[in-house]
Amino acid sequence: MAPKPQFLPILLCLLSFYILTISCLSTPSPASSPSSSPSRPSPPKASSPKASPEEPAPPEASPSEPSPPKAAPRSSSSSHSPLDPKQLTALESLNIPTSKDPCSQPSLHNATLCNSDKPFSHLISLRLIDCSSDVEISSTALKSLTTLQDFQFVNCPIPLVHFPAELTSNLRSFTCIKSLKKLTGVWLGRLRNLTDLTVTDVSIKASGPTIILGNLKDLKSVKISRANLTGSLPKKFHFLKITHMDLSSNRLKGKVPNSLTLLTDLQHLNLSSNTLSGELPESFGDLSSLQNVSFGSNSMSGQIPESVADMHSLMHLDLSSNQFNGTIPKFITRMKNLKYLNLENNNFHGVLPFNKSFIQKLEVFKVGGNSGVCFNHTTLSTKLKLGIARCDKYGLPVSPPSKSEFGDDSSADSEDDTSDDDSTQIDTKKHGPNKVVLGTAIALSSLIFLIVFLILLNKCCR
């Protein structure tokens, strides 16, 4: 009689231990598996206490606002305020709380700024924000505020008021945003000593910008935007020290005058979204200090003057959505600091004269919407999504550009960028099957093998 196999229980124990070991090693621990571990709730952020109405956060400094003088510590009581009592009364009439000294910094809602006159300080800056409907600026209050150099109205649709002559003379900065009903150009033109003028989102009744700007000889910055301003640009510019001019989103018409090129200190010019027509002056390149210029969304025509190549400081050039024609000039490549170039939606034609290195140097390049412009496929890769067609051997567009040839705002996407993205996607797929699935499969396979092995062993040992 064959002996009973004594090793069968031992073998079963060893195989069972082997299966459990493989399962444990194959299954990722909760600590190492980000998908299986429950997300630990982030500790609640300590909520900062709400700023009391008397201690608001100081605003960011604006270049157009006067630099605040260093103020000595003041008493928090209005009865001990160093401010001129007449001006204190004027602030109260404008519903500006005076429970805190208006001359302390930061002031309530950052609305006031004082000088250091003795025996009483005087207001040099006043900002009225979100005025209530019952606010009225009396002539008495304005007469006591003649020391103001900066006067700002923000979201204050109150009736237009007459400024005393002394206040008009002292003002250097004036801001009106969604404020002052029935604002007129004549009223603004009386602020003769301004260096900074900002009027936006309010309709101005005026025959043109000349009636506003004609007498403001000390202007350094002017922004009159979305003001429904009609007429044409001034034929003579008297404010020769200006550095920023924004007359965008109005209804200005006519040509850009040659006198504009006399503003040699001009750094930023925005005349977009008007109905300007005609050509750019040949001497436009005389504006050698220009850094940003936009004539977008007008009805201008003609070719780009060659003098533009002399504007070495220019970083932003927008001529889009006009009727400029001719070929795109190659001299644009001589503008070493250019970063933004928008020529789309015009009537340009011919071969694009830019090479790949120039286009990739730009942060934004738009040339689509010019059906007559094409690119040389031996010079430029089709991977550059320019929104224009390839040229045939005669320098004419082969066909209208397909959707795949239209790019984003910046058309400087190179083939290297595409390959990098592809390699990133491929790398994320090389991690293999999930470890849990693999461990389960090994365990099941071992179990099946064990069962078959035991059946065969049992038959052989009988």
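Me: How many disulfides does a search of the whole structure find?

Reply: A search of the whole structure finds three disulfides, where a disulfide is counted as a pair of cysteine sulfur atoms within 2.5 Å. In general terms, a disulfide is a covalent bond between the sulfur atoms of two cysteines. Please keep in mind that this is a predicted model, in which local features need pLDDT of at least 70 and side-chain atom pairs count only at pLDDT 80 or more, while totals for chains, interfaces and linings use all residues. Residues are numbered from 1 along each chain as its sequence is written, and side-chain values use heavy atoms, with hydrogens and water left out.

Me: Which residue does the disulfide of C103 reach, and where do the two partners lie?

Reply: C103 is joined to C114, with an S to S distance of 2.2 Å. The pair links distant parts of the chain, eleven residues apart, with C103 in the loop between α2 (85-93) and β1 (112-114) and C114 in strand β1 itself; helices (H or I, at least four residues) and strands (E, at least two) are DSSP runs, numbered from the N terminus. The angle about the S-S bond is -85°, and the link of C103 and C114 is left-handed.

Me: Is C103 buried or exposed?

Reply: The general idea is to look at relative accessible area, where buried means under 20%, exposed means over 50%, and partly exposed is in between, with a 1.4 Å probe and protein chains only. C103 is buried because its relative accessible area is 3%, and C114 counts as buried at 5%.

Me: Is the link of C131 and C156 left-handed or right-handed?

Reply: The link of C131 and C156 is right-handed, with 70° about the S-S bond, and the sulfur atoms of this disulfide are 1.9 Å apart. C131 counts as buried at 18% relative accessibility, and C156 is buried with a relative accessible area of 0%.

Me: What is the pairing when the bonded cysteines are numbered in sequence order?

Reply: Numbered in that way, the bonded cysteines of the protein chain pair as 1-2, 3-4, 5-6. C176 is in no disulfide, and the nearest cysteine sulfur, that of C156, is 9.0 Å away.

Me: In what order do the twelve strands of the open sheet stand?

Reply: The general idea is that two strands pair if DSSP finds at least two bridges between them. Here the order is β1-β2-β3-β4-β6-β8-β9-β11-β13-β15-β17-β19, and the pairing is mixed. β1 and β19 (364-366) stand at the edges with a single partner strand each, so one side of each is left without a neighbour in the sheet.

Me: How many bridges join strand β8 to strand β9?

Reply: Three bridges join strand β8 (residues 221-225) to strand β9 (residues 244-246), and these two strands run parallel. Within this pairing, S221 has H244 in β9 as its bridge partner.
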